[in-house]
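Okay, thanks for coming, everyone. I've got a few helices to walk you through today, so let me put the thing up on the screen.

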Amino acid sequence: MHLADLTSHDTFLEGLPHQTFAWLREHDPVHWVDEQDGAGFWAVTRHADVRAVGRDYATFSSAAGIRLEEMAPDELEGRRTLMEHDPPDHTRLRRLVQEAFSRPVVAQHEDELRRLAVEVIEEALTRPEFDFVTDIARPLPIAMLCRLLGVPDSDIDHLVALADEMVSNTDPEFTRLVVDMSDTGDFRLLPFRSPAAVEVFDYAQELADSRRRRPGEDLITTLVSATLSGRPLTDLEFKNFFALLLVAGNETTRHSISQGMLAFIDNPAQRRRWVEDVSVRRTGTEEILRWASVTIHFRRTATRDTELSGRVVAAGDKVVMWYPSANRDEREFTEPLRFDLGRDPNRHVTFGHGPHMCVGAWLARLEIRVLFEELLPRLADIEVSGPLVRLRSNFHHGINHLPVRVRLR
């Protein structure tokens, strides 16, 4: 069996390497991968093992980084967010925003989100052909996020462009300094080694200064007035928190919506089912999330010698959880390669597992459900009308462009 190169961003331009993941789950579920520019890592591909690594933060730490990249100590400290902390520090940082993203608080935004979704959808549907990503999936999550942050609508396009350049730092469509093709040393202390992070940090500083002068009822005010162990966040802690919110609250949901739309195009019976049977919309949202598996991997580092599925993992080894593989694990899911809106139970790990489970999970669920509740009943038909362009990344399972042709009811 020829295994796809999981270290290569180009591998994912053709979609997720499901054959490789299936072989690894069956024959070598904790598989050693050599790296050209790194120490190598253990690829964890089964659902049960991914969950075990995700919840055992004492053995599998986030503190040395969550991506394949190995960072020098000053890089790690300069780019550290709540994601690169273990409890109890992670817990204290997470608590700063947890209430704002809790299920009951998120539910209060449904009417506003539905209005935004209708505006975006109706604008796109004035044309029989359009790019689903740029015209629908891209604008909705960032518009909602900006309302939570207290950012004016006039800044939305600028912020989403900066977020794209920063997090999509492996794709030449979005950045002139592609990390594996260019020298990004000048930006190594910034998020994603990206020059766009300079502008993101400048924008964050302006927001912080503004809220200190004039507090509001938004997440920026929450962060600038917050304290950790009796002290306020440092400027760097605040800026990194803002950069994380900008990426996590925008990119992942956008790609989930795009992948969900592609699944509905490829499975018209399931599309009709969503429209005709409202009872499957809750389980259907979870199935979209499982199917999309937008975050492809997260890394942990072993703090001690341990064993995982029969493999001896040494202290200091990188241990990488591959979520799309876990979400297609035959040991957990019946017919995992079938897109099934009624799938229940559905213990997908799209949001991770354990203390690092995505803080924005309830908002993402709401955005996906509302978007498709408003869009699909308007469509008599939808088909792909041009080349689909995937994101060049082994970190995010994204679609850059999804040209579609629609026929309205």
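So, the buried residues of α9 pack against α8 (139–149), α10 (196–213), α12 (235–248) and α13 (251–266); contact here means heavy atoms within 4.5 Å, and helices are DSSP runs of H or I, at least four residues, numbered from the N terminus. Before I go on: this is a predicted model, with local features needing pLDDT of at least 70 and side-chain atom pairs counted only at pLDDT 80 or more, while totals for chains, interfaces and linings use all residues. Residues are numbered from 1 along each chain as its sequence is written, and side-chain values use heavy atoms, with hydrogens and water left out.

Back to α9. It covers residues 156–167, so 12 residues, and spans 16 Å from first C-alpha to last, close to the expected 16 Å, where expected is 1.5 Å times one less than the number of residues. How many of its residues are buried? 9 of the 12, with buried being under 20% relative accessible area, using a 1.4 Å probe and protein chains only. Asp164 and Glu165 are among those buried, along with residues including Ile156, Leu162 and Met166.

Now take α12. Its axis comes within 10 Å of the α9 axis, and the two cross at roughly 95 degrees; axes are lines fitted to C-alpha atoms over the stretch in contact, and angles run from 0 to 180 degrees between N-to-C directions. That makes α9 and α12 roughly perpendicular, the label for 65 to 115 degrees. On the α9 side you've got Leu159, Ala163, Met166 and Val167, meeting Phe242, Ala243, Leu246 and Val247 of α12. By class that contact is 8 nonpolar, no polar and no charged. Nonpolar is Ala, Val, Leu, Ile, Met, Phe, Trp, Tyr, Cys and Pro; charged is Asp, Glu, Lys and Arg; the others, Gly among them, are polar.

Over to α15 (281–292) and α17 (361–375): their axes are 10 Å apart, at about 115 degrees, so they too count as roughly perpendicular. Who makes the contact? Arg281, Thr285, Glu286, Ile288 and Leu289 from α15, with Arg365, Ile368, Arg369, Phe372 and Glu373 from α17. This one splits into 4 nonpolar, 1 polar and 5 charged.

Last stop, leucine 375, in α17. Buried or exposed? Buried, because its relative accessibility is 2%. Setting aside neighbours within four places in sequence, leucine 375 touches Ile121, Leu125, Phe132, Ile136 and Met261. And its C-alpha lies 9.6 Å from that of valine 275, 100 residues away along the chain.

Definitions and conventions: Buried < 20%, exposed > 50% of the residue type's maximum accessible area, 1.4 Å probe, protein only. Parallel < 35°, antiparallel > 145°, perpendicular 65-115°, else oblique.
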